[in-house]
Structures are given as structure tokens and as C-alpha cells.
Amino acid sequence: MAFLSTLAKLISPLYPMAKRWLYRFHGGIFPQYNKSLSTRNPIVPAILPSELILPLSQAVGEVAEPVVQVGDRVRKNQLIARSKEDAERKLVVAIHAPTSGNIVAIEPRTLAHPSGLKELCLVLQPDGQNDAIENALHSDGAWPQTPQALKKLLAESGIIGMGGAGFPTYAKLPNVPGKIHTLIINGAECEPFISCDDLLMQTQAQEILLGGQITANALGAQQLLCGIETNKPDAIAAIQQAITQLQALNQAPVPMQLMQVATVYPMGGQKQLVYEMTGIELQSGGHASDQGLLMMNVATLRAIYRAVQLGEPLTSRLVTVSGLGLESGFNVEALIGTPFDELAALARPKFPLDYPLIMGGPMMGVQMPNNHVPVLKTTNCILANPPQPREIQMPCIRCGECMDACPVNLLPQQMYWHAQGHEFDKVEKLNIKDCIECGCCSYVCPSHIPLVQYYRHAKAEIKQRHAEKAAAELAKQRHAFRLARLEREKAEREARLKAKKAAVKTMPAAATNEAATLVTENATTLSAREKAILAAQAAAARKEGQTDNDKKTKGQSLGTNKDKTAAAEAAKKRALEAAQKARATTATPKTADTPSPVTPQNARDKAIAAAKAAAAKKAVALPPLATDQITDLSANEGFTSTALQKEEARRAAVEAARANAKARKALKDSGTENITAATAEPSTPMMDARQKAIAAAKAAAAKRAQTPPQSDAIAKKDRSE
Amino acid sequence: MSWLQGLEAIGIFLALALLFGLALGYAAVRFKVEGNPMAERLDQELPQTQCGQCGFPGCKPYAEALARGESEVNLCVPGGTEVMIKIAEITGRDPKQMAEGVEENPPIETAWINEDLCIGCVLCIKACPVDAILGATKLMHTVIQKECTGCELCVPVCPVDCIEMRPVATHLKNWQWPEPETLVHNKPLASLLVREG
Ligand code: SF4
Ligand code: SF4
Ligand code: SF4
Ligand code: SF4
């Protein structure tokens, strides 16, 4: 290896690609690193900006829910937003106040996102006191021993992957201990200009390694590998020293090892670094965790350490402020939410910052729509490179340089060809989803084709197509379901109708029979006096039923609540009377005749039977309705008649609403030219409409009030059963 | 004896023909495809808006009619030219221009109900082909945005005109990278040379 590297160094001035012999993965490029622009200055402590902007939506997952209100005073580390419900499923992490101050607004602000979209952000105005809640996460300093415990803490502390993708860290961890055997610490930092991870390793090596130990320990991993590119000798030395120290202090339960990796862009990519360090090539679409590997950025690990040991949520991060447009780049421990322009202004810009700043490095970074966007938890660099005249784009000459440079072994020229021809299905077949948008292909392209931009567009297009397909499939299913439902409802309606018809035919006869048998049954057991009573009751009931019937023919039914309760009361009374009478009669002559002991239970049964019989008789008195049918049909009848009323009322309401809408439209149309007239005029139709609606509603109510009591029989029957 | 040998050859071929015939016949029965595969494939390509602008009561009936060869290939308005070409490919018929006045790639819109005006007449629920409207008699109705296909069938039935179509808002989750402007259209290199020389 040593021989190879000397050889490569020797020939590289003549043949730069000789450096590709020094690492395992395919492709890669060797750009100008320019890291010294920011490493030559010491780390700047956090500055207090005029305002902190904290977006509620993050790169991944759903929108967090604020738990503070405008005007609230918050302290540093106070929880200000979190997931509405199940954080795990929604991929939301908590947001904490980076300093003390007042929440001055919760409003849409431009996000640090290439789209330039505005989304809801909490705006915090620092009060300068930096009054902090110590140990906000209530950590006792003990290392979590299970993945679950660690995950819970991570979700509460708001830690997401700080290397760039911003995937919530807790969601990355497996639930089963021992699933991960190797934790890889990513200290490669391969992008030009960026040096925040380098400086972090130089200054906080112990915290990083302890964070790694905590994670590896909780996950039951067997080893900890730390990969650092050879162009960071200071970081390598610091980490090596920290490893020895920790091992000497016996604070390293998991064995640790430092690995130097070749300096090549994009060494820091997950697949590239994993392959380089372990020789395991992650398959397309596969996760590192499937292979028992987990990779974490140094900044993430440090945040984990601070959360576990000190109970500190993630509220600040190291950010590189650099670029060719700045006099003195630096690294700053920036509060999350600090606006870009305030940080860049500190670095003594050479020219006014009227050009867009870049978030991230020159290779993968994105231009900001507006320089007053906040530092996010994933922002590693703010780059001020004055725009260069764009090289004129030429047609692809099929030189294949891009293919040689692609670290994922894709065919960039093919993908570009189909992407610009909008043949997105073909682009998809070329595995564009594995493209890491590293920009190596654009970097080497002699025709200066912005290849990555084509891929980003194609990816978005493919994603949208898939979403559309899924939506179409859903619509198809819902439509099919609806058709099936309509079919079923129709069938059910028909079946019901048929059953009803059949019931109407057979029921009256059955009911009379039943009533007769009941009466005769009663007759056999009851005395003559009781029979007389029953007959009298039946007669009375018949009369009542007829009156009911008369009323019904007037086309009104469905008693109001009052009527119903009255009817129920009457029925109850009658039943009680019958019961008393029955008891009285059975008490006197019966005892001699029948040897069976008459219990109150028996008497009550009889009373019930009597009531039933009465009901049945009454029902018979209501030709052609049968007892069982009454509830059903009268309810139906009631429905239709009330439905009629309702229809009327609704029509009135519809008319009212229409008039209303018209009035509103008129109001809108007439606009400003004649406000007084406009308001005066349409207000009359509006009033009219409303009055009409009110009148209609009143009429309906009145009608309902007039409705007669439901036939006693029903109420009685309901009671007695 | 040569005629015998000729017979032998004929016999062998007859036997082979019989064998293959049986095998094919068996396969035809054993691996019979249920339903109408072409209609299925066409249905896959249609946008499933279920808007009925094609003159059929939904996408599936149109697909079936296409598979039977009973209708034109250019009737699906939401699908536009793209779907028309796919239909033409599947049915093996000639592509046909979309009808006059059909907007290409219309913006995706969904229905919104003005909830102050809604009188709860349930007419729109009955009109919606995908049950994307939620509501009950005399109560306010609302559209489940996720399910709405933008077919506009609910718009005309509303007695108080309180449904309107609004373009789907761009937010972080559906924002797309724009396509880079191509500075040079990919002409053959020779044409560039000619211009410069
Ligand atoms: S490097 Fe550029 S010119 Fe060469 S094949 Fe790739 S896209 Fe074409
Ligand atoms: S941007 Fe994509 S295609 Fe281009 S080199 Fe990187 S991974 Fe390969
Ligand atoms: S016109 Fe409407 S109903 Fe017909 S196929 Fe197209 S989307 Fe489906
Ligand atoms: S809500 Fe309206 S536009 Fe949307 S799918 Fe239903 S009927 Fe069509």
C-alpha cells in the first residue's frame, strides 16, 4: 500500500487518475479542496443574531407541532415544538429553543431549501440573557443499555443525521440489540471548503468517541471504526490520542479503531465509505443496517454524547462559513436558526453579498433562494462563491468521462440522454435512484453539461409518476368499491321491499291468530271477571286505536317527544292497572281452584299478557296494520311525511343559500366603486332569503308540533316487552 | 423398400404433430387467461379520474370499449396525448390527434367546498365517483383532498355553487426540481462545425 501510494503520488502530476488506485470504489474525482480558507481561523463562539428562525418542517418527515404561543418567553433548551402524535411513525424530532428570548411570530418564512417555499417557522427573538434550562432532558448521565432507551432519548433531544440527509437518528437505529455489529464513524468530510467535521474532531475528539461508545454499547455492536481522510492529519492525531486516552481510562467498552482513508471525493458517501472500510458493497436500494453496519457523522455522535451525558438537546452545531467571496472564512458554533446572511457578514465579504449563498459544499450544495434563511440541523457549510459565468453547454460527445467518474457505477451519459428526452421510464431502468447526486459526472464532463440537474429533475419526475400511479390505483379501487356499494345497497333495498311486502300479506292474519290464542290462553287460566275486564280494555283500546287511525288519515304522524312520553305514561298506567286488577282477582277465587301457588311473578306475567292481548286487539282494530308492522310502517310513513316537510324546508334553505351566494357575488363584483350601494342593495335579498328560511323552518316546526301521538298500541307494546 | 421408409417418415411427423397438438391444446386450457387482458392493460394506463369525459361511465368501461375496438383512442381528456399514444400502442391502432381545444397537461386541481355556503344537500356525495366527499344531510361537507381525482363531477351538481376547483398547492413534499434549460439543442456536431467554420 505504501509503495502504491508513493507510486501514485509520483505519477499523479502526469496522470492524475493514478490516485484512483488508492481506494476501492469506482470513479471519484480530486477537486481543489480549499479547506484552509476556514481552518486557519479558530472556532468562533456562538453569536446571538437578531432573530432565530426555526422551521417546523424538516427535511424528512412530517411537520412538528409548536407547544408555545406567540408572545411566550422561552428559556434556552426549552421544548418548543414536537410531534403531534406518534413521533416514530411521523419521523418528527423535537425542536428546542437555542437561546432564551421571546417567540415573536409563528409565520411562514423562506426555508433553506432550493424551492424557496415558505413554510411555518417559529421566530425567536433572543433577549441576550441566554438563560438556560440545565439538563433539559432529565438525563442522569447513565448510558442507555437498550436500543429503545437510546431511541427514546434521541427523539426527545431532536437529533437528526447532521451529515446532510437529515434523517431522524432514532429512526435509523434498529430495535433489536446486536443487529448492528460495526458502528462506523464518518469523519471523511470529502467536500471541498467544508471543515466543520475536521475542526470538531480536532477539538472534541473525546466527546465524539464517547458518543460512538454510547451508541455502540446500546446497540450491542462489537466494534467501532472511525474513518478519516488522509488530508486531515490534525484530526487523525486528535482521534488517535483520544482513543488511547479513553482506553487507558477504561471508558471504552467497545473496541475502537481508527482507519485512514484515501482523499477522494466522494469518500464520505455512505456506500463509498462502507466499501472502503469494510469491503462490503451495499446493494442497490439496500440499507447498511441489513449488513449489520451503521454509519454516523461525527457531529451526530457528539450531539448524542451531550444529550446522554449532559441532558442537552441539539440546539447548535458547528458550521463552516467559507468561500471565495469571503476574506476570512471560519467555523462557528452556530445556534440553529441563525440567518445565513448574519453569519456570512461576519466573515468580511469581499463583495456585497447580493449573490445567492450556497448551503453545503460546491459539489452537492444548493443555492439559497434568499440569504436570510436559517441554519438547519443539517447545515454544515455556508458557502459564498461569487457566481462565475457559466461555461457554455455543448452537446454530449459520448466521451465516457462521466461513466469513469461515477462512484456508483451508473451510466451518466445514458441517463442524461433519456432524461433530456423525457423518457423517464428508461432513466428509471438505468437505476437513477442509486445516484447520490455527487456531481462527479458534471465535474468531469468536457461539454459542461449540468448532468446532476437533469438527474434531480428526472428523479422528481419519476417520483411524481409513481405517486400518480398510486393515486390512480387508489381511485380505481375506490371507484370499484363505490360501484360495489351501490350495487349492494340496491340489492338490500329490493330485498327489504320484498320482505316488507311479504310481511304485510302474512302478518295481519298471524297477528289476529296470535292475539286470539293469547286471549284464549288467558281465558283458560283467568276467571270470568278477568275476561270481562280484558274485553272492556280491548274495547277501550279499539276506540283509541280508531281515533288514532282517524288522526293518521289526516296525513300527520310522528309524535313529538311530549306526545310520545304522554302516550308512554298512559300505557304504563294502564298496564299497572291491569296488573293490579289481575292480582286482585287472582288473589280471591283462584286459590281454591288452582293448586299452583300464585306468586307476584305470576301475576305480573299475567298482567303483561293482558297488556299484550290488549295491544294485539288494538292492532287488529287498525286494519290492515298488524302489531309488528305498526312500528315499521308508521315510522316509514312518518319519515315520508316529515321527509316532505324537510324537502320543503331544504328547498327554502337552498333558495336562501343561493340568494345569499348571489348577494355575496354581487357584493364582490360591485367591488369598491359603490360600496354603500352594494351593501345596501344586496342586503335586502340577503335578508329576504334569511327570513324565508326562518319562516320555512318555523312552519316545519309548527307542523311537527301538531302531529298526533303515536298509536298507543306501539308505545304500550314497547313498554310491555 | 423405399416407400416403406417414406411412410416411416410420414408416421414420425404425424406422431409429432399429434403430440404437439395435444400439448398446445392442453396448454390452452391449463393456462387460460381470465378476463380480457387488453382491457386490463388499457385500464392500467388510464388516469382513473373516472370523470366520464370520454363518454363512458368511468375509465374501465372506456378501456373495455377500446379493447373491443368500439371507440376512438383519443377520448380521454385528462390523460392527454401521452395516454392516447399508450392506448394506440396497446391496441395497435393509429394514434389520433386529441380533439380541438383539449388542454395539454392541465394543472392538477382538486375540489374545495366553501364550508360556509354548504347546505348539506348530499348531492355532491352522490356525484363523486371515488367517494372523496365527506358529509351528511344538512351538515357541512368537505373534500378529502388525498382522494379527490379532480374529475369536476361534483361542481355542477351543487345547488349553491359552493364547490370550486383549486390547483394543488406546492409544498415541500411535492416540490420538484425544475428541468435545467438546455442551452444547446442537441444538434449533430457537424452543424456546429459548419456554423463556426
Ligand atoms: S462526460 Fe459529458 S460529454 Fe462525456 S459522455 Fe458524459 S455527458 Fe457526454
Ligand atoms: S451524480 Fe449520480 S450519476 Fe453523476 S457521478 Fe454522481 S452518482 Fe454518478
Ligand atoms: S375521460 Fe375520465 S373517465 Fe374517461 S378514461 Fe379518461 S379519466 Fe377515465
Ligand atoms: S370531490 Fe369532486 S372533483 Fe374530487 S373526485 Fe369527487 S366529484 Fe371529482
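Nine nonpolar, two polar and one charged residues make up the shell around ligand 4 in this predicted model. Chain B supplies the residues of that shell, among them four cysteines to look for: B:Cys128, B:Cys148, B:Cys151 and B:Cys154.

Now to ligand 2, which has 14 residues around it. The closest are A:Cys406, A:Val408, A:Cys435, A:Cys438 and A:Cys441. Helix 13 (412–420), helix 15 (440–444) and helix 16 (451–525) of chain A each give two or more residues to this shell. Here are the two shells by class:

| Shell | Nonpolar | Polar | Charged |
|---|---|---|---|
| Ligand 4 | nine residues | two residues | one residue |
| Ligand 2 | twelve residues | one residue | one residue |

Among contacts in chain A with a separation of 6 or more, 74% join residues 24 or more positions apart. The chain exposes about 35,000 Å², with carbon and sulfur atoms supplying 56% of that area.

Back on chain B, a nonpolar patch lies on the surface, formed by B:Trp3, B:Leu4, B:Leu7, B:Ile10 and B:Leu14. Together these residues have about 550 Å² of accessible area.

Key:
Residues numbered from 1 in each chain as written. Chains lettered and ligands numbered in written order. Predicted model: local features only at pLDDT ≥ 70, side-chain atom pairs only at ≥ 80, totals over all residues. Heavy atoms only, no water. Near = heavy atom within 4 Å. Nonpolar A, V, L, I, M, F, W, Y, C, P; charged D, E, K, R; others polar. Patch = residues over 30% accessible without salt bridge, like charges linked within 9 Å, V, L, I, M, F, W, Y side chains within 5 Å. Areas by Shrake-Rupley, 256 points an atom, 1.4 Å probe, with all protein chains shown as cover. Salt bridge = Lys/Arg side-chain N within 4 Å of Asp/Glu carboxyl O. Contact = heavy atoms within 4.5 Å. Helix = DSSP H or I, 4+ residues; strand = E, 2+ residues; numbered from the N terminus.
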